[in-house]
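Subject: Structure for your review

Dear colleague,

Please find below the structure that I am handing over to you.

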Amino acid sequence: MPAYIQAVSQLGEKIKLIQDADATGETALAYDEWRAKSGRMQMPGILKCFGARPDFLRQVLAFSDTIHFSEGHLSRRHKEMIATYVSFLNRCPY
């Protein structure tokens, strides 16, 4: 974990993140569906912050699929490359 994230986490969380192992009910189901669709093993923190509201998490995932991951003027590949570069510039781990 990067030092700046560790420093912030030591200050205390403002939003309770529902960790993969702690997810139950609709949150666990939404996490499982996202993992199956994405092929990734762990939910990113940016999505875990919506875990307390699985109904809203599903809306965020649907919006993300529509905006970020649909084909359009830019391909998904190009959008992913831009997102990766912006995350790098912001020293963001996701």
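The notes below describe what was found in this structure.

The model is predicted, so local features are given only where pLDDT is at least 70 and side-chain atom pairs only at pLDDT 80 or more, while totals for chains, interfaces and linings use all residues. Residues are numbered from 1 along each chain as its sequence is written, and side-chain values use heavy atoms, with hydrogens and water left out.

Overall fold

The protein chain contains five helices and zero strands, where helices (H or I, at least four residues) and strands (E, at least two) are DSSP runs numbered from the N terminus. Read from the N terminus, the order of elements is α-α-α-α-α. Of the 94 residues in the protein chain, 20% are buried; buried means under 20% relative accessible area, exposed over 50%, and partly exposed in between, with a 1.4 Å probe and protein chains only. Among contacts (heavy atoms within 4.5 Å) with a separation of 6 or more, 46% are between residues 24 or more positions apart.

In soluble globular proteins, nonpolar side chains tend to be buried together. Here the largest nonpolar core consists of eleven residues: I18, A23, A28, A30, Y31, W34, M43, L47, L57, V60 and L61.

Leaving aside residues up to four places away in sequence, W34 touches R40, Q42, M43, P44, L47 and L61. A23 lies in the loop between α1 (3-11) and α2 and counts as buried because its relative accessible area is 12%. Beyond its neighbours within four places in sequence, A23 is in contact with I18, A28 and Y31. The C-alpha atoms of A23 and G51 are separated by 7.8 Å, although these residues are 28 residues apart along the chain.

K48 is found in helix α3 (residues 45-48), and K48 counts as buried because its relative accessibility is 10%. The side chains of K48 and Q19 are joined by a polar contact of 2.8 Å. A polar contact is a pair of N or O atoms within 3.5 Å; within protein, one must be able to donate a hydrogen and the other to accept it, and residues adjacent in sequence count only if both atoms are side-chain atoms. With residues up to four places away in sequence not counted, K48 touches K16, L17, I18, Q19, D20, Y31 and M43.

R53 is found in the loop between α3 and α4 and, at 48% relative accessibility, counts as partly exposed. The side chain of R53 makes a polar contact of 2.8 Å with the side chain of D55. R53 and I18 are 35 residues apart in sequence and 10.0 Å apart in space, C-alpha to C-alpha.

Yours sincerely

Terms used:
A nonpolar core is a set of buried Ala, Val, Leu, Ile, Met, Phe, Trp, Tyr and Cys residues joined through side-chain atoms within 4.5 Å.
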